[in-house]
Amino acid sequence: MAGSISVSRNIATDPALSIKGLRKAFADVVAVDDIDLEIMRGECFGLLGPNGAGKTTTIEICEGLTAPDAGTVSLLGLNWQRAAHELRQRIGVQLQETQFPEKLTVEETLRLFRSFYRRGMSVEDVIGLAQLEEKCRSRVGTLSGGQKQRLAMACSLVGDPELLFLDEPTTGLDPQARRHLWDLVDHLRNAGRTIILTTHYMDEAERLCDRVAIMDHGRIISLGTPQQLIASVGGDHIVEFAVTTQDPNTNPLDGVVLTAIPGIQSHRVDAGLHQLSVGELHTTVPRIFSALAEMGLHPSEFRTHSATLEDVFVRLTGRNLRDE
Amino acid sequence: MSSLRENSLYELTATRFRLFLREPEALFWVFIFPILLAVGLGIAFRNRPADVLQVGATSADLVKALNSGSGLKAILTGEGAGSHELATGRIVLLAIQKPDGVAYKFDDTNPDARNARLLADQAIQRAAGQKETVHSSNDLVHETGARYIDFVVPGLLGMNLMGSAIWGLGFSIVEARQKKLLKRFVASPMPRWQYLASFLLSRLLMLVIEVCVFLGFARVVFGVPFRGSLWELGFLCVLTSLSFSALGLLIASRAKTMEAASGLMNFVMLPMWILSGVFFSATRFPAVIQPLVRALPLTAAIDALRANMLEGITLSHLVAPVAILFAWLVVPFMVSLRIFRWR
């Protein structure tokens, strides 16, 4: 990949971002409810949660676009009240739903954004980094969704930012375009930039982030590395099945019976589907089958998968991420 | 060049200019439409050579007498056929030979017919030997500057300056807000004043082209006069354009959707199209509403442009309209800076 990517310059001891007691309400809706967060330099940090969880409000307060009702935000050891201009020069921002002028070319758009920064990357380097070489003289209106998103990313990179905010960078993209964008984020992360991104895709957070905060109803309900969070579900694997029975007199399957089986950490039922978190599949699954057979029940739709952040969210909130 | 390319004010202005030039509709409305309008009005209201009036007469002597004078073209016809031609408008007057003289048949509510009656009687009396008691002669003038096209060109210029400034600023800003581009700019280190200044700068650049094309056309094709100082005319155009830009900025300062913005723009511009004397003199409106009419920026602009172009009046005598335009520049600009919504 062409282009020089400079590693963050002054590796200071200040955290890249520090938030304390942050609150923000719109009319009578509390969007952000007392959040504390500290993000280290060089980290790729994910704010994860369903739509309306308060991710965008949180990130926009950090970007200096929204004023908080209470709490403090400090970026790179600076704050928005005293050093707004300095901070604008040193951070990069990608917002949701920005539509760049359709009749400008990719190169013209980037040249415009580059002119706002005192120092930064050359337009050619950023085009190379975002892999937009072939499109550099095309008008923005002719780009695909993925290319537009890469342009938005490129615009946030022209100032060679120490801290990069990406708000739902892959929402609405097809799987291939998403993977393409992930590679770009990976590349930036490996180059030592601090990245803070929001997403409601669990797989995206797992794939990209060093640490993840799961948000729901304006609060951080869980914080840690994806592996820590998954481990907190209690099992490495998830078993899902439904049961059918020929005998109408049989009692419905009781969760207590299942959790009594050795190796099963937890149980919940969602729309007739039983979900168990399990440590070791090879020993536990035969026990499940024999227990069901004893009760005269036939398992259907039996499947297993490795636990994911999705399961963490379900465990913590009792809801699926994309229920909303 | 490279240092200029890195200058954000230059880049913002160049971007505005590019976006404008890539919008064919905008090009049409700003450059082509005023010229088409001027051509149309110039043709419709051109000053034709005095019409020769068609008349009829019932005897050869009368026809001869009528054709000897100027301004009439007589044909020989019968009384019945002549009445029919009169009724269908092919002739405006029928001269009927009577034993004791001549009778004129015409419609006295038609000015052409009344003229024909005067000319015909004069010609017939002169043919019968009447002498002039007072000698008279004609000294004909065809003055440029007194024609309708001369009157309407400054009006169209003012209207065009208003439209291009208000539309140019209003739509671009509201579109940028609706597409969340304003918010994105605010999230970058772009100096906010430069964003607004880039609109004014690109407007002034466009203004040079717009005014030169339109006035050049009016000069070459219609011979519209420029009696005042061209520098002062240039100053008036710049002032007018800046005032309407400020108004456009005010309209765009809060609107979130294009629909809201275009409604506001029509609300602001429609009264001025009607009241400000683009196509006819604003003095025709009743005295009661004259203070309102005078206070409108387009009235002030058109009055000043006409005074400069048609009467050669200097700026020192145009204090009132210039002051009104200044007020319309300063007040909306201050208000919009205060209430502008960046996201």
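In this predicted model, helix H3 of chain A and helix H2 of chain B cross in a left-handed sense. These helices pack with their axes 9 Å apart and at an angle of about 150°. H3(A) and H2(B) therefore run roughly antiparallel to each other.

- Seven of the nine residues of H3(A) are buried, so the helix is largely enclosed by the rest of the structure.
- The buried residues are Val106(A), Glu108(A), Thr109(A), Leu110(A), Leu112(A), Phe113(A) and Arg114(A).
- Elements of both chains contribute to the cover over these buried residues, including H4 (123–129) and H5 of chain A and H2 of chain B.

**The contact between the chains**

- In total, 20 residues of chain B are in contact with 21 residues of chain A.
- On the side of chain B that touches chain A, H2 and helix H8 (181–186) each provide at least two residues.
- H2(B) gives the largest share of that side, with six residues.
- By class, the side of chain B that touches chain A comprises nine charged, seven nonpolar and four polar residues.

**A helix pair within chain A**

- Helix H5 (residues 145–157) and helix H6 (residues 175–190) of chain A have axes that come within 9 Å and cross at roughly 20°.
- H5(A) and H6(A) are therefore roughly parallel to each other.
- The crossing in which H5(A) passes H6(A) is right-handed.
- H5(A) brings Gly145(A), Gly146(A), Gln149(A), Arg150(A) and Met153(A) to the contact.
- H6(A) brings Ala177(A), His180(A), Leu181(A) and Leu184(A) to the contact.
- This contact of H5(A) with H6(A) is made up of four nonpolar, four polar and one charged residues.
- H5 of chain A is also among the elements that cover the buried residues of H3(A).

**Chain A as a whole**

- Chain A contains eleven helices and 13 strands.
- The C-alpha trace of chain A spans about 75 × 45 × 40 Å along its principal axes.
- Of the 324 residues in chain A, 41% are buried.
- When contacts in chain A between residues at least 6 apart in sequence are considered, 72% join residues at least 24 apart.

**Domains of the two chains**

- Chain A is assigned domain 1 (17–225) and domain 2 (234–306).
- The C-alpha centres of these two domains of chain A lie 42 Å apart.
- Chain B is assigned domain 1, made of 23–45 + 144–339, and domain 2, made of 53–127.
- For chain B, the centres of domain 1 and domain 2, taken over C-alpha atoms, are separated by 52 Å.

Methods. Residues are numbered from 1 along each chain as its sequence is written. Chains are lettered from A and ligands numbered from 1 in the order in which they are written. This is a predicted model: local features need pLDDT of at least 70, side-chain atom pairs count only at pLDDT 80 or more; totals for chains, interfaces and linings use all residues. Domain bounds come from an automatic or database domain assignment. Axes are lines fitted to C-alpha atoms, for helices over the stretch in contact, and angles run from 0 to 180 degrees between N-to-C directions. Helices (H or I, at least four residues) and strands (E, at least two) are DSSP runs, numbered from the N terminus. Angles under 35 degrees count as roughly parallel, over 145 as roughly antiparallel, 65 to 115 as roughly perpendicular and the rest as oblique. A crossing is left-handed if the near helix is turned anticlockwise from the far one by less than a right angle, and right-handed if clockwise. Two residues are in contact if their C-beta atoms, placed from the backbone, lie within 7 Å. Ala, Val, Leu, Ile, Met, Phe, Trp, Tyr, Cys and Pro count as nonpolar, Asp, Glu, Lys and Arg as charged, and the others, Gly among them, as polar. A residue is buried if 20 or more other C-beta atoms lie within 10 Å of its own, exposed if 12 or fewer, and partly exposed in between; C-beta atoms are placed from the backbone.
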